[in-house]
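Please open the model in a viewer and keep a selection panel at hand.

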Amino acid sequence: MKKNHTSTAWLTWGIMLVGANLRLPITMIPPLLPTIKQTLGLPASMAGMLTTIPLLMFALASPLIAKMGNRRGNEWSLLIALVILLAGSLLRIIPSLTALIAGTLLIGFGISGGNVLLPAIIKDQFPHAIGAKTSLYTVTMGLIASLGTGLAGLLNQQFNMQITLAAFSLVGVFGLLVWALAFRTLPKKAARQGVQRKNIAVSRSMLAWWIALFFGLQSFLYYSLLTWLPSLWQATGFSQIAGFSQIAAGNLATIFQLSGMPATLSIPFIAEKRHGLLYSVWGIMLGFVLGALGILIPGANFGLNVVYALLMGVASGAAFAICIVFFQKKTADAYETASLSGFAQSVGYLFAAVGPVLYGFIQTATGSWDLLLWLTVGLTLLMFVAGLIINANHRIFPSKANR
């Protein structure tokens with residue numbers, strides 16, 4: 001598709017701002033939970049659902065969005081998803097528990113649009129700059145998500161919950177406006193029409209299942225570790241003579257989250273190099289395994305745990321980024337990319353939604369934190385095997401005859 005400089009510029013800004021909206025509406029909520037429970041009467045048992053609902057929506061909506069993108073065009077479908085995301089963000093400003101839940105459902109659907117369609121749009125619109133544009137949106141996504149977690153509590157203290165929610169919804173406003181302007185610069189036919197191949201049955205491809213398994217396992221590990229690492233680091237008598245303080249454990253969890261950003265930036269470029277994907281798969285495995293086994297070492301001090309948090313954080317960021325690369329490199333065109341992305345994320349986020357609950361159940365039932373780390377090692381090795389198999393195969397459909 002031939003684009004002028006104006007179109008290229010608007011698309012680039014649009015990709016970045018859409019990326020800014022793909023985690024922020026979720027990561028800003030945990031610091032607000034005490035206020036939400038007090039103000040809206042949210043039961044403690046339902047507090048975790050504000051994180052789980054978007055993950056379940058990712059799983060349910062991803063295949064639907066992929067089909068919409070193939071039928072109506074990826075760029076147009078993303079525009080509609082951003083409208084829904086903004087509607088959900090504005091709905092949550094209303095001081096009502098019903099509005100909060102409804103808004104969270106809409107946000108989950110809207111974020112799914114970016115999750116599924118952005119890799120396909122980048123492959124289609126920027127075939128010679130896939131690594132750069134992929135890094136642009138994944139790094140923006142991680143940076144804004146981390147800032148949202150830090151700033152939400154501060155804004156809530158200075159003002160109130162409604163003003164905080166309204167302030168963060170401005171990111172959705174900017175994302176929608178810029179993407180709408182980018183959409184207007186595209187040729188009408190290319191922007192609004194999908195191909196006649198309306199259904200791409202990626203589930204018929206064994207390679208697609210391996211990619212879905214890899215995505216599911218990395219999602220499972222990320223959300224499980226993000227949820228339980230702070231509690232693990234505070235546990236008295238676990239590895240350390242005494243558990244770390246709440247602040248120290250929180251700092252380690254923050255390091256785990258932020259350290260993934262350099263990996264999300266670099267993996268799309270490393271993947272372009274010879275054997276880059278293979279080295280990345282090995283690096284992801286070593287990061288998770290060495291980090292988890294390191295935490296198990298008795299008497300490890302805070303400094304060593306910083307290293308272990310860094311190892312697992314880098315591995316987590318790299319694992320997510322390499323999934324986006326798989327979506328792009330293992331497909332023939334943008335429509336296959338959208339279909340594979342939707343399929344893998346549908347399976348993957350079902351894993352992610354179960355992970356934190358399962359980890360919590362195992363720890364409560366056994367009283368063992370060690371078991372969770374050994375489970376992390378086992379799942380990492382399974383993900384490693386899947387990564388090797390994915391790397392050894394070229395595309396989900398080697399020839400048109402397979403379709």
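Select Glu272 to begin: this residue is partly exposed, with a relative accessible area of 48% (partly exposed lies between buried, under 20% relative accessible area, and exposed, over 50%, with a 1.4 Å probe and protein chains only). The model is a predicted one, in which local features need pLDDT of at least 70 and side-chain atom pairs count only at pLDDT 80 or more, while totals for chains, interfaces and linings use all residues. Residues are numbered from 1 along each chain as its sequence is written, and side-chain values use heavy atoms, with hydrogens and water left out.

The structure holds one salt bridge.

Next, select helix 15 and helix 16. Two packed helices are described by the angle between their axes and the distance between the axes. Here the axes come within 8 Å and cross at roughly 145° (axes are lines fitted to C-alpha atoms over the stretch in contact, and angles run from 0 to 180 degrees between N-to-C directions). Helix 15 makes the contact through Phe320, Phe326, Phe327 and Gln328, and helix 16 through Thr337, Leu340, Ser341, Ala344, Gln345 and Tyr349 (contact means heavy atoms within 4.5 Å). By class, this contact has six nonpolar, four polar and no charged residues (Ala, Val, Leu, Ile, Met, Phe, Trp, Tyr, Cys and Pro count as nonpolar, Asp, Glu, Lys and Arg as charged, and the others, Gly among them, as polar).

Move to Ser280 in helix 14, residues 276-295. Is Ser280 buried or exposed? Ser280 is buried, with a relative accessible area of 6%. Not counting residues up to four places away in sequence, Ser280 touches Ile267, Ile270 and Ile322.

For the largest pocket, select Pro30, Tyr222, Leu226, Thr227 and Gln257, which lie nearest its centre among 46 lining residues. About 1,500 Å³ of space lies in this pocket. On a 1 Å grid over the protein atoms alone, a pocket is an open set of points with protein on both sides within 12 Å along at least five of seven lines, a cavity is a set where a 1.4 Å probe fits but cannot get out, and lining residues have an atom within 4 Å of a point. Grid points are joined across faces, edges and corners, and a volume is the space filled by probe spheres set on the points. Helix 11 gives the largest share of the pocket lining, nine residues. The lining has 23 nonpolar, 22 polar and one charged residues.

Finally, turn to the cavities: the count comes to four of 30 Å³ or more. The largest cavity has a volume of about 80 Å³, and its lining includes Asn21, Arg92 and Phe168. Helix 9 provides the largest share of that lining, four residues.

Conventions: Helices (H or I, at least four residues) and strands (E, at least two) are DSSP runs, numbered from the N terminus. A salt bridge is a side-chain nitrogen of Lys or Arg within 4 Å of a carboxyl oxygen of Asp or Glu.
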